[in-house]
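Dear colleague,

Please find below the structure that I am handing over to you.

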Amino acid sequence: MKKLLALLLCGCLSIAALTGCGNSSSKENVVYVYNWGEYLDPETLELFEQETGIKVIYDEFETNEIMYPKVEAGSSAYDVICPSDYMVNKMIENDLLQEINYDHIPNAKANIGADYYRTARDFDPDNKYCIPYCWGTVGILYNKTMVDEPVTSWSILWDEKYAGEILMQDSVRDAFMVALMMKGYSCNTLDEKELREATDLLIAQKPLVQAYVIDQVRDKMIGGEAALGVIYSGEAIFTQRENPDLEYVIPEEGSNVWIDGWVIPKNAPNVENAEKFINFMCRDDIALMNFEYITYSTPNVAAQALIEDEEIRNSKIAFPDLSQYDNLEAFKYLGTEGDALYNKLWKEAMSN
Amino acid sequence: MNKKLLSAPFLFWSALFIIIPLCMVFYYGLTDQTGAFTLENIKAIATPEHSKALWEAIKLSVISTVICFFLAYPLAMILTGMSTSKNSLIVLIFILPMWMNFLLRTMAWQTLLEKTGVINGILSALHLPALKIINTPSAIVLGMVYNFLPFMVLPIYNVLVKIDPNVVNAARDLGANSVQTFLKITLPLSVPGIISGITMVFVPALTTFVISKILGGSKVLLIGNVIEQEFTQTGNWHLGSGLSIVLMLFIIFNMVISAVTDKDGEANAL
């Protein structure tokens with residue numbers, strides 16, 4: 001694995017070096033986009049190239065944490081990136097982003113709902129840096145044929161009746177969010193006592209958990225492999241399409257609401273093209289194409305209105321009424337020490 | 001001069017993909033976030049969660065190596081006893097799965113072992129009790145043995161075929177029975193192959209993070225998983241590199257042993 005890791009590092013380096021070279025010849029009409037894997041309809045990129053004549057150089061990342069060091073190092077300059085809430089927060093704090101000029105992105109003001117800008121203020125106080133692209137909640141997906149009681153609380157994930165039938169998220173913040181929210185604490189807490197309690201809860205839960213997974217929650221729930229799983233709302237719509245026995249709930253104790261949005265880094269070589277790209281992505285028809293492709297909720301209200309399938313347009317899962325919930329909280333950046341504390345406790349829980 | 005020229009691509013390759021990354025691992029492992037020298041990342045192995053992960057990894061990889069050895073040795077002996085035409089077919093069958101991607105094979109095991117998987121489907125159709133090993137250490141051991149077994153068979157087979165039959169015959173002539181011949185002649189002569197096989201199974205098993213993730217459901221935290229997390233999730237490359245250096249010590253130790261016992265490099269000549 002040592003070699004694999006080393007190879008990986010070198011791969012990153014060489015990619016960085018290559019993109020670096022590409023950027024130096026910025027006379028070319030290009031835009032460098034760095035997005036999550038499978039996070040937009042590839043056809044929209046072709047349409048963008050056809051309409052504007054700007055060539056899209058498109059890279060994908062798997063986690064915010066993989067993306068961040070590449071951007072921070074500055075060797076690979078991207079024009080548009082799509083990080084999540086707390087990572088936007090971190091990038092703002094570390095002065096990696098430039099302010100967005102809304103005059104050049106008219107679709108952003110016109111089409112993106114005010115609710116979402118309000119939520120985004122949790123991590124981008126004046127909406128200066130980030131334009132929401134996708135959003136959703138985290139909740140419990142359960143199989144109605146295997147769970148006969150109503151699911152309302154996170155505490156069902158600690159019910160011994162479902163031992164071996166529970167899928168947890170294999171990611172620090174999401175796992176802690178579940179335990180913290182159940183106790184009524186903030187999912188951004190840095191209080192050691194609260195975190196201790198959450199860690200003990202996660203340790204107590206471990207024997208009941210079938211597996212800690214991320215993307216596989218989807219496939220395993222569709223296949224009836226488990227009764228309950230912690231999942232992102234965007235995946236929930238997809239799973240229900242495949243297996244109608246599945247139901248998604250946001251537990252009453254509250255949950256995490258997340259937003260991924262477009263940002264322009266400080267060292268972007270083609271700011272103008274970046275603005276054109278974001279503006280294009282905010283167009284209602286394009287946002288609709290992307291929504292239908294990835295099934296993650298779009299904050300684009302103009303696109304929401306265009307959804308033909310009435311059931312999805314009015315779906316409480318895809319578009320829950322944010323004003324109905326007062327206990328949905330977005331993740332914030334916790335600082336280096338906060339991150340380290342969470343990770344240490346997570347490792348402790350997992351090695352137990 | 002010619003020789004030097006010929007080795008240039010290899011030297012370039014090793015510098016780019018082995019030496020430089022290795023230097024980077026050492027650089028990150030021995031510095032902190034500010035770039036100052038520190039041994040904290042190495043000492044971090046002593047914390048309860050890290051040492052437990054290391055211990056789990058050692059335990060599972062030793063078990064897998066032992067199982068591989070006991071499966072591989074008889075198989076290698078059977079192969080040696082066969083005519084060349086027959087055994088090349090069996091060797092081919094053995095190597096064939098290795099042409100498929102390692103990740104894919106491991107995921108296939110997941111599909112086989114799952115609660116609603118293929119094996120349990122067959123078992124329940126036969127009214128037999130379900131197999132419940134997915135997401136347990138046993139499933140990880142199974143994955144390790146399955147994936148790394150060929151690396152044990154081939155080196156052992158390589159030394160066994162090179163043993164001069166006359167040596168064995170001489171032992172029999174002098175009155176040794178088959179057990180004695182095996183213990184006094186065959187086994188000692190095959191030690192280089194065994195050591196090489198052990199290295200080739202133990203090292204990848206010790207460092208794996210994919211098998212424990214896919215077949216263990218991330219419920220068993222191995223040292224490989226900790227390191228992977230430090231790089232991809234936590235973003236603490238310093239700690240990840242520090243722990244990698246610790247792991248490297250184990251691997252170097254293992255390689256030194258195999259280098260000492262296999263001076264002629266026989267076993268590795270696949």
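The structure holds 1 cavity of 30 Å³ or more. A cavity here is a set of points, on a 1 Å grid over the protein atoms alone, where a 1.4 Å probe fits but cannot get out, and its lining residues have an atom within 4 Å of a point. The volume of the largest cavity, about 100 Å³, is the space filled by probe spheres set on the points, with grid points joined across faces, edges and corners. Of the 15 residues that line the largest cavity, A:Tyr133, A:Met281, A:Ala287, A:Thr298 and A:Pro299 are the closest to its centre. Strand E4 (131-143) and helix H12 (284-294) of chain A are the elements that give two or more residues to this lining, and H12(A) supplies the largest share, 4 residues. Helices (H or I, at least four residues) and strands (E, at least two) are DSSP runs, numbered from the N terminus. By class, the lining of the largest cavity has 12 nonpolar, 3 polar and no charged residues; Ala, Val, Leu, Ile, Met, Phe, Trp, Tyr, Cys and Pro count as nonpolar, Asp, Glu, Lys and Arg as charged, and the others, Gly among them, as polar.

Please note that this is a predicted model, in which local features need pLDDT of at least 70 and side-chain atom pairs count only at pLDDT 80 or more, whereas totals for chains, interfaces and linings use all residues. Residues are numbered from 1 along each chain as its sequence is written, chains are lettered from A and ligands numbered from 1 in the order in which they are written, and side-chain values use heavy atoms, with hydrogens and water left out.

Chain B consists of 13 helices and 0 strands in its secondary structure. Its C-alpha trace spans about 70 × 70 × 35 Å along the principal axes.

I turn next to the interface. Contact (heavy atoms within 4.5 Å) involves 35 residues from chain B and 38 residues from chain A. The two chains bury about 3300 Å² between them, 58% of it on carbon and sulfur atoms; buried area is the accessible area (1.4 Å probe) that two parts lose on being put together, summed over both. B:Glu49, B:Lys219 and B:Gln233 supply 20% of the area that chain B buries against chain A, more than any other three residues.

The interface of chain B and chain A has 3 salt bridges, a salt bridge being a side-chain nitrogen of Lys or Arg within 4 Å of a carboxyl oxygen of Asp or Glu. B:Glu230 forms a salt bridge with A:Lys347, with the closest N and O atoms 2.6 Å apart. On the side of chain B that touches chain A, H12(B) gives the most, with 9 residues. That side of chain B divides into 15 nonpolar, 13 polar and 7 charged residues.

Over all chains, the whole structure has 17 salt bridges. A:Lys128 and A:Glu99 meet through their side chains in a salt bridge (3.8 Å, N to O).

With kind regards

Methods
On a 1 Å grid over the protein atoms alone, a cavity is a set of points where a 1.4 Å probe fits but cannot get out, and a pocket is an open set with protein on both sides within 12 Å along at least five of seven lines; lining residues have an atom within 4 Å of a point.
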